[in-house]
Amino acid sequence: MKRVNKHYNVTGNGNIKKPQGEQESRKKQKLVEIHQALNSDPVDIETLRRAAVSEGGLLTDEIRRKVWPKLLSVNVYDLPAKPGKDARQDHKDFNQVVLDVRRSMRRFPKGMRDDQRGVLQEQLIDIILFILKRNPQLHYYQGYHDIVVTFLLVVGERMAIAMVETLSTHHLRDFMDPTMDSTKHILNYLMPILEQVDPELHDFMQRAEVGTIFALSWLITWYGHVLSDFRHVLRLYDFFLASHPLMAIYFAAVIVLHREKEVKRCDCDMPSIHQLLSQIPQNLPYEELISRAEELLKHYPPTLLEKRAAIQPRKSLTISSFQDFQRARQQQRPDAVLRRQLQERPPAELAAVEDAAAAETSHLVKMAVWGISATLGAAALAVAQTALEWAPEFLLQLF
């Protein structure tokens, strides 16, 4: 029997590039599976989770607007109203939030006009203060805005409020305590992971007393603050939203493991290693690292590492609430059912919801235009404006 050899190209960062025909076939299959999962009753969360984790993630922002809410149990037909002016009044974090948002210009699409970016920055401030005001148990931390802006750019203001509020009370909850103690506890999982996988690297870093502070900004911003390419940020958000809330620290571990040779070439001291690791490479083999991080969490789950991670006994609100979060996520109805339930509401209530939804759709069209026109030109604008309510038949034509 004749043996057929497949030829794959290897990219500069070590990722394997599959033949174009195979890539297109896999994309089409993934789109069909996502569509079927979204229309199952209840929604097939496991299929959506696999799609988000597998190579390429969720592929487009249009799909993310459908899938991300399901991964966070957000009903897109029951979103909070836009923040009013009272969200900013007498809030203790107002000045710090404004300062952080004003400094976040690089997080917005290149080529966006100043006035357009200004509108989004004002929305970003409102979203953050609105969530904090509704949830007084949550405390703002610098870097929180890096997470919120990612959702604002992809899903728009109202959906971002709902999604980030859920995220803040679950995945990000430990970061939003009044002190850094819970955040340090999550960081403490990093060294035990390294110890399990590469004891020699672990011991080298322990002798250098480098600690884990180099990974702080990675963890609390889900890498949004340290990655310059927004595509890479979105790929990681697909992964993290579909995974255990501690996956971001496992991803930090695989970055360190990936750079093991560089670390060991350093002088065995804190300044040298900290300087190396705090500068995250921009050309990481993301798909390879995502696969490895998922494998590490399966082999060395948080329950195995928690005793090593706990310098002092501490209950993680993020970890303790995750099982309940997972159970609730499995019971979601498809959008067709949610839309029908919405239409059964009283006329006045229905009209208010539809007006808000129309305004949000207009915003998303503008976002697509701003982001695409700066890079792809006028030919892509029609695609951006018609892709908001996607169907598999339309998306299959894109690939």
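## Helix packing and local backbone features in a predicted model

Among the contacts in the protein that have a separation of 6 or more, 77% are accounted for by residues 24 or more positions apart. The model described here is predicted, and the protein in it contains 23 helices and two strands. Of its 399 residues, buried residues make up 51%.

### Helix α9 and its surroundings

Helix α9 spans residues 190-197, and its buried residues are L190, M191, P192, I193 and L194. These buried residues pack against several helices, namely α8 (181-187), α10, α13, α16 (286-299) and α17 (302-309). With α17, helix α9 packs at an angle of about 115°, the two axes being 9 Å apart. That angle makes α9 roughly perpendicular to α17, because angles of 65 to 115 degrees are counted in that class. The crossing of these two helices, α9 and α17, is right-handed. On the α9 side the residues that meet the partner helix are P192, I193, E195 and Q196, while α17 contributes L305, R308 and A309. Sorted by class, the contact of α9 with α17 has four nonpolar residues, one polar residue and two charged residues.

One of the helices against which the buried residues of α9 pack is α13, and V254 has its place in this helix, which covers residues 247-258. Is V254 buried or exposed? V254 has a relative accessible area of 0% and is therefore buried, the cut-off for that class being under 20%. Leaving aside residues up to four places away in sequence, V254 touches L289, R292, A293 and L296. V254 and L190 are 64 residues apart in sequence, yet their C-alpha atoms are 9.6 Å apart in space; L190 is itself among the buried residues of α9.

### Two further helix pairs

The axes of α3 and helix α12 (residues 230-241) come within 10 Å and cross at roughly 25°. Since angles under 35 degrees count as roughly parallel, α3 and α12 are therefore roughly parallel to each other. Their crossing is left-handed. In this contact, α3 supplies D61, R64, W68 and L71, and α12 supplies L234, R235, Y237, D238 and L241. By class, the residues of the contact of α3 with α12 divide into five nonpolar, no polar and four charged.

Helix α5 (residues 114-134) and helix α6 (residues 144-155) also have axes that come within 10 Å, and these cross at roughly 115°. Helix α5 passes α6 in a right-handed crossing. The contact is made by L120, Q123, L124, I127, I128 and I131 of α5, together with Y144, H145, V148, V149, L152 and L153 of α6. What classes of residue are found in the contact of α5 with α6? Ten of the residues in this contact are nonpolar and two are polar, and no charged residues take part.

### One face of helix α20

In helix α20, which runs over residues 335-343, the buried residues are D335, V337, L338 and L342. Seen down the axis of α20, these buried residues fall within an arc of 160°, so they line one face of the helix.

### Backbone features in loops

A cis peptide bond, with omega of about 0°, joins D41 and P42. P42 is found in the loop between α1 (20-39) and α2 (45-53).

Positive phi angles at residues that are not glycine occur at D90 and at E209, and the table sets out their values and places.

| Residue | Phi | Loop | Relative accessibility |
|---|---|---|---|
| D90 | about 55° | between α3 (61-71) and α4 (94-102) | 82% |
| E209 | about 55° | between α10 (199-208) and α11 (216-220) | 66% |

Why does D90 count as exposed? The cut-off for exposed is over 50%, and D90 counts as exposed because its relative accessibility is 82%. By the cut-off of over 50%, E209 likewise counts as exposed, because its relative accessibility is 66%.

Methods: Residues are numbered from 1 along each chain as its sequence is written. This is a predicted model: local features need pLDDT of at least 70, side-chain atom pairs count only at pLDDT 80 or more; totals for chains, interfaces and linings use all residues. Side-chain values use heavy atoms; hydrogens and water are left out. Helices (H or I, at least four residues) and strands (E, at least two) are DSSP runs, numbered from the N terminus. Buried means under 20% relative accessible area, exposed over 50%, partly exposed in between (1.4 Å probe, protein chains only). The arc is that of the directions from the helix axis to the C-beta atoms. Axes are lines fitted to C-alpha atoms, for helices over the stretch in contact, and angles run from 0 to 180 degrees between N-to-C directions. Angles under 35 degrees count as roughly parallel, over 145 as roughly antiparallel, 65 to 115 as roughly perpendicular and the rest as oblique. A crossing is left-handed if the near helix is turned anticlockwise from the far one by less than a right angle, and right-handed if clockwise. Contact means heavy atoms within 4.5 Å. Ala, Val, Leu, Ile, Met, Phe, Trp, Tyr, Cys and Pro count as nonpolar, Asp, Glu, Lys and Arg as charged, and the others, Gly among them, as polar.
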